[in-house]
Amino acid sequence: MAFFCLKLYILANLSNHEINNPVGFLTSNLEMLADYRKHCIEILSLQEEITSPHRPSEQERIILIQRLERMKKEVDFDYIQKETASLLEDCLLGANRIRNIVTDLMSFTHAKDIDWQLVDVNKLLQKTVKLAFNEIKFQTTIQWDLNELDLIYSSEGRLGQAFLSLLMNAVHSIRQDGLITLSTRMKQEDDQKIAIIEISDNGHGIAEKDLPFIFEPFYTTKEKGKGTGLGLHMVDNVVNNHSGKIEVNSTLGEGTCFRILLPYKDKQRI
Ligand SMILES: Nc1ncnc2c1ncn2[C@@H]1O[C@H](COP(=O)(O)OP(=O)(O)OP(=O)(O)O)[C@@H](O)[C@H]1O
Ligand SMILES: [Mg+2]
């Protein structure tokens, strides 16, 4: 159940811009192409009439040619010829973009038992940023501080979703001149080796009174319709499934840092 919600959560968040954007321009390009096709067919049938074996009289032919020239001018036929190629090129780009997003999404949401494997967390973070690229505002800088990590036995799909959720929260907290830092390092604590992953931002921060509730399901400070309040609850579940810990430091007006601590284990199961 929790995982089903996770899928819906991630799809709802991403579908907004990542997929709706290319779908938007694909639709409007296709509408324009349908219009251009109609004009081309009108022009073609007029041309066929002119060159028909039941040739019209010379007089009729001149009138048809004049009509054809007028029609070409009215619909701007030269422009249509050039524009069609670029509209089709954009459609292909849009379709490819959707295909790539869906492929990335599938690799995040197809988390089953077999999804537990040795994972390169640094690469997973990079993939997460790539996936959320359109959501990351132009004025936001991503700063990387990735250090060498051993591969960790983990659910790549679920961990990716958790990173994405934290990244989205960071993006949403930023007003202007945003800075999001993603950092990783390894630490040895007694006999236990731990991977530490931090996602921090210089956004609006979290009020002290809200901090105790942020991991509660459906707790959100976003305006109605903007947030489900499920993101951090899901992150918490994912971290628990990995026998890990999540910590948060936040200062109102200055920013927030979420820290995930994942212990290295030989094998882990949900
Ligand atoms: N990086 C952050 N900066 C500031 N506030 C945050 C940050 N991350 C979480 N919060 C606060 O915690 C609340 C709960 O976050 P959570 O991700 O669970 O839900 P949401 O972001 O509101 O909704 P959704 O995840 O569906 O978009 C947010 O509404 C916000 O108040
Ligand atoms: Mg969220």
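Reply: One term to begin with: two strands count as paired if DSSP finds at least two bridges between them. Keep in mind that this is a predicted model.

Me: OK. Which residue stands opposite Arg 259 in β7?
Reply: Glu 247 is the one facing Arg 259 there. The strands involved are β6, residues 245-251, and β7, and they pair in the antiparallel sense over seven bridges.

Me: How many residues lie between the strands in that hairpin?
Reply: Three residues lie between β6 and β7. In this hairpin Gly 253 has a positive phi near 85°.

Me: What does β5 pair with, on the β7 side? How many bridges?
Reply: Strand β5 (residues 192-201) is joined to β7 (residues 255-263) by eight bridges, and the two run antiparallel. As an example, Ala 195 has Leu 262 in β7 as its bridge partner.

Me: What order do the strands of the sheet come in?
Reply: The order is β2-β4-β5-β7-β6, five strands in an open sheet with mixed pairing. At the edges are β2 (140-146) and β6, each of which pairs on one side only. On average, neighbouring strands of this sheet are turned by 15° against each other, ignoring direction.

Me: Are β2 and β4 parallel or antiparallel?
Reply: Parallel: seven bridges join β2 to β4, which covers residues 178-189. Trp 144 stands opposite Leu 182 in β4.

Me: What holds paired strands together in general?
Reply: Strands of a sheet pair through backbone hydrogen bonds, and the pairing is either parallel or antiparallel.

Me: Back to β4. Is Gln 188 buried or exposed?
Reply: Gln 188, which sits in strand β4, counts as exposed because it has 9 C-beta neighbours inside 10 Å. The cut-off for exposed is 12 or fewer.

Me: How far apart are Gln 188 and Pro 263?
Reply: In sequence they are 75 residues apart, while in space their C-alpha atoms are 9.7 Å apart.

Me: Which strands does α5 lie across?
Reply: Helix α5 lies across β2, β4, β5 and β7, and runs at about 25° to β5.

Me: New topic, the ligand. Which residues come nearest to ligand 1?
Reply: Asn 169, Ser 173, Thr 220, Gly 227 and Gly 231 come nearest, out of 23 residues around ligand 1. By class, that shell has 14 polar, six nonpolar and three charged residues.

Me: Which helix gives the most to the shell?
Reply: That is α5, with four residues. Both α5 (156-173) and α6 supply at least two residues each.

Me: Why is α6 described as largely enclosed?
Reply: Helix α6 spans residues 231-241, and nine of its 11 residues are buried, so the rest of the structure largely encloses it. Among the buried ones are Leu 232, His 233, Met 234 and Asn 241. Gly 231 is also buried, and Gly 231 is one of the residues that come nearest to ligand 1.

Me: What comes just after α6?
Reply: Ser 243 does, with a positive phi of about 55°.

Me: Last bit, the whole chain. How many helices and strands?
Reply: The protein chain has six helices and seven strands. From the N terminus they run α-α-α-β-α-β-β-α-β-β-α-β-β. Of the 270 residues, 25% are buried. Among contacts with a separation of 6 or more, 76% are between residues 24 or more positions apart.

Definitions and conventions
Residues numbered from 1 in each chain as written. Chains lettered and ligands numbered in written order. Predicted model: local features only at pLDDT ≥ 70, side-chain atom pairs only at ≥ 80, totals over all residues. Buried ≥ 20, exposed ≤ 12 C-beta atoms within 10 Å, placed from the backbone. Contact = placed C-beta atoms within 7 Å. Near = placed C-beta within 6 Å. Nonpolar A, V, L, I, M, F, W, Y, C, P; charged D, E, K, R; others polar. Axes fitted to C-alpha atoms, helices over the stretch in contact; angles between N-to-C directions.
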